[in-house]
Amino acid sequence: MGDVDERRAGRQLELIGEALGAAGETGAELWLRGGWAVDFTLGRVTRDHGDIDWFTWAEGAEALARELIRLGYTEVAGPPAELQRDFAKSS
C-alpha cells in the first residue's frame, strides 16, 4: 500500500464490509462512490481516505440508517436528511 496508513485503511475496509452487511440485512441497495470506489475499481488502495462515500436509493435509506445505528453508528449533523445522511462509528 505504499505510503498509505495501513491500519486506517484496514479499519475502513472493515467498515465497508459492515455497511454492506447492513444493506444486505435490510434489503437496501448500496454502492460505493468516491475515492474508495476508484480504489476498488483499480484493485488497490491508492491513498488515505478521509471518509467512505455511499449511494443508496431513498426507499431503503431509513431501514439502512436504523440498522447502522443498531450496529453502533451515530448520525452526524450535515446536509438536510432528505439529501444526504452522514454516519460515524468510533474505533
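1. Helices (H or I, at least four residues) and strands (E, at least two) are DSSP runs, numbered from the N terminus. This is a predicted model; local features need pLDDT of at least 70 and side-chain atom pairs count only at pLDDT 80 or more, while totals for chains, interfaces and linings use all residues. Residues are numbered from 1 along each chain as its sequence is written, and side-chain values use heavy atoms, with hydrogens and water left out.

2. H2 spans residues 35–42, and Gly35, Trp36 and Asp39 are buried in it. Buried means under 20% relative accessible area, exposed over 50%, partly exposed in between (1.4 Å probe, protein chains only). The three cover an arc of only 95 degrees around the axis, so they sit on the same side of H2. The arc is that of the directions from the helix axis to the C-beta atoms. After H2 comes Gly43, with a positive phi near 80 degrees.

3. Leu13 belongs to helix H1. Its relative accessibility is 34%, so Leu13 counts as partly exposed. Leaving out residues up to four places away in sequence, Leu13 touches Trp36 and Phe40 (contact: heavy atoms within 4.5 Å). Leu13 and Trp36 are 23 residues apart along the chain, and their C-alpha atoms are separated by 9.2 Å.

4. The largest nonpolar core has nine residues, among them Leu15, Ala19, Leu64 and Tyr73. Such a core is a set of buried Ala, Val, Leu, Ile, Met, Phe, Trp, Tyr and Cys residues joined through side-chain atoms within 4.5 Å. H1 and H3 each supply at least two residues of this core. H1 gives the largest share, four residues. Apart from this core lies another, of five residues, including Ala9, Ile16, Trp36 and Val45.

5. The largest pocket has a volume of about 1200 Å³. A pocket is an open set of points on a 1 Å grid over the protein atoms alone, where a 1.4 Å probe fits, with protein on both sides within 12 Å along at least five of seven lines; lining residues have an atom within 4 Å of a point. The volume is the space filled by probe spheres set on the points, which are joined across faces, edges and corners.

6. The lining of the largest pocket has 34 residues; Ile52, Trp54, Arg85, Asp86 and Phe87 lie nearest the centre. H1 gives the most to this lining, with seven residues.
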